[in-house]
Amino acid sequence: MARVLTPRAEDFPRWYQDLIAKAQLADNGPVRGTMVIRPAGYAIWERMQAEMDGRIKVAGAENAYFPLFIPESYLRREAQHVEGFSPELAVVTHGGGKQLAEPIVVRPTSETVIGEFMAKWVDSYRDLPLLLNQWANVVRWELRPRVFLRTTEFLWQEGHTAHADEADARAYARKILHEVYEDFMVNVLGIPVLVGLKTARERFAGATRTYTLEGMMGDGKALQMGTSHELGQNFARAFDITYTSAERAVEHAWTTSWGSSTRMLGGLIMAHGDDNGLRVPPRLAPIQAYVMVVKAGDGVTEAATKLRDALRDAGVRVGFDDRVDTPFGRRAVDAELKGYPVRVEVGPRDLAAGNAVLVRRTGGSKTPVPVADVVSAVLAALDADQRTLHDEALALRESRTASVNTLDEAIEAAGAGWALVPWSAVGAEGEAKANAQAVTVRCLRRADGSVPDSEDEPELTAILARSY
């Protein structure tokens, strides 16, 4: 396999690009910074969408859709928002062969346009909370693009909510943080994430608080996997999102926003991939078991077909490969690259002995299994390997995280992984010093691992790292 992919230890960025190309996940688009997500990659994104969407709906939000084009004046109504995004904006100045009277921004995020309609739809406290989500594409003019991680156009979900008071807005932002994002990332993606509060320097433009989920990648760097923001009343004031309270007073609403994107595909690759390709956690995998005809022979294809159907009946997502005109070795390498959790190989010799061969992508074991036991063996392997991937990622994070006491020690430790250091030893001045050396404060956490309400709380721990 070293001839197929650059080894991770030799050149991690090159390995990442090789894997995306060889596993047929994506291609670079025709405009710099854009990407074409190929069927193999999009199938994984669809599974991410399905898992996330179900959790978002359980949390009470409803899906809607808002326009791609936003009047420039909407963004100017929130000065902090413009300041945070203006370098990344794509602006349309001509349409239909004529110069537009007002420039139109291609959405970088939708707080402003959704805020406009929240103001229209909310009249009374009875209309709150208003809980909305949309699945969409956004555009941010990226100067240093990298497929899935940073692209000019990417896919995401963005949630936007309005509440009658600050406590309800905060509780909902945290509900999304833990019950949607953390649950999905840990239990489906198999990526252990540290959940915490962003510093004032790192938080989203216009937010009063930004909560984040940080995952460690295979090279020890951090990746921001998703964020949830309290926006206070900033956007409500800018867009006049008001309601009449039960006491008949006119009040501004409290709003939140939260999002996760195709960046998670990059995180999946870098957290779980190895020198043989992608490893997809079984709960996420579009194809959990890949049934392969090794070689033509009496009853082989028929036996493989029956196994495929039995696995499907047991609720397993199954792929089927009977392309015996293509060398089996080539097909097996392709299956390894794409990270199918389990392969069930059916050939004349094993079938004559009443067996199929069970190949597990995690661990690489190859085990003859009686045909009658294949379904139960596959189900057991899927369950075990989901845990194994999570545990391996957790062990990596623990082995590459150092607890230190000073900022200088933290910056040094961030060269190899993550550093845990007292926030009191960093502060705003120390954060600027770290940033100058390409090290950022990923988040702040309490001593018990919970998420603080403010960076001014005593005895907080800062997590410093280099990041994507």
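Contact here means heavy atoms within 4.5 Å. The model is predicted.

Q: Which residues does Ser-245 touch, leaving aside residues up to four places away in sequence?
A: Ser-245 touches Tyr-125 and Glu-251. Ser-245 is found in the loop between β12 (242–244) and β13 (250–252).

Q: Why is Ser-245 called buried?
A: Buried means under 20% relative accessible area. Ser-245 has 9%, so the residue counts as buried.

Q: What makes α8 largely enclosed by the rest of the structure?
A: The count of buried residues decides. In α8, 10 of the 10 residues are buried, so the helix is largely enclosed. Among them are Arg-263, Gly-266, Gly-267 and His-272. Met-264, Leu-265 and Leu-268 of α8 are buried too.

Q: Why is α2 called roughly perpendicular to α8?
A: Angles of 65 to 115 degrees count as roughly perpendicular. Helix α2 (residues 39–58) and helix α8 (residues 263–272) pack at an angle of about 110°. That value falls in the range, so the pair is roughly perpendicular. Their axes are 10 Å apart.

Q: Which residues make the contact of α2 with α8?
A: From α2 come Gly-41, Ile-44, Trp-45, Met-48 and Met-52. From α8 come Met-264, Leu-265 and Leu-268.

Q: How do the residues of that contact divide into nonpolar, polar and charged?
A: There are 7 nonpolar, 1 polar and no charged residues.

Q: What makes a space a cavity, and how many of 30 Å³ or more does the structure hold?
A: In a cavity, a 1.4 Å probe fits but cannot get out. The structure holds 1 cavity of 30 Å³ or more. The largest cavity has a volume of about 70 Å³.

Q: Which residues line the largest cavity?
A: Lining residues have an atom within 4 Å of a point of the space. For this cavity they include Glu-111, Ile-114, Gly-115, Met-118, His-160 and Thr-161. Leu-231, Phe-235, Ile-241, Thr-255 and Thr-256 belong to the lining as well.

Q: Which element gives the most to that lining?
A: It is α5, with 4 residues. The elements that give two or more are α5 (111–121), β8 (153–163) and β14 (254–261).

Q: How many residues of the cavity lining are charged?
A: The lining has 1 charged residue, beside 5 nonpolar and 5 polar. Glu counts as charged, so Glu-111 is that residue.

Q: What is the volume of the largest pocket, and which residues lie nearest its centre?
A: A pocket, unlike a cavity, is an open set of points. The largest pocket has a volume of about 1500 Å³. It is lined by 45 residues. Glu-88, Arg-140, Arg-150, Gln-224 and Arg-263 lie nearest its centre. By class, the lining has 13 nonpolar, 17 polar and 15 charged residues.

Q: Which residues are closest to the centre of the second largest pocket?
A: They are Leu-194, Leu-420, Arg-445, Thr-461 and Ile-463, out of 13 lining residues. About 190 Å³ of space lies in this pocket.

Q: Which element gives the most to the lining of the second largest pocket?
A: It is α12, with 3 residues. Both α12 (374–399) and β23 (461–465) give two or more. The lining has 5 nonpolar, 3 polar and 5 charged residues.

Key: Residues are numbered from 1 along each chain as its sequence is written. This is a predicted model: local features need pLDDT of at least 70, side-chain atom pairs count only at pLDDT 80 or more; totals for chains, interfaces and linings use all residues. Side-chain values use heavy atoms; hydrogens and water are left out. Axes are lines fitted to C-alpha atoms, for helices over the stretch in contact, and angles run from 0 to 180 degrees between N-to-C directions. Angles under 35 degrees count as roughly parallel, over 145 as roughly antiparallel, 65 to 115 as roughly perpendicular and the rest as oblique. On a 1 Å grid over the protein atoms alone, a cavity is a set of points where a 1.4 Å probe fits but cannot get out, and a pocket is an open set with protein on both sides within 12 Å along at least five of seven lines; lining residues have an atom within 4 Å of a point. Grid points are joined across faces, edges and corners, and a volume is the space filled by probe spheres set on the points. Buried means under 20% relative accessible area, exposed over 50%, partly exposed in between (1.4 Å probe, protein chains only).
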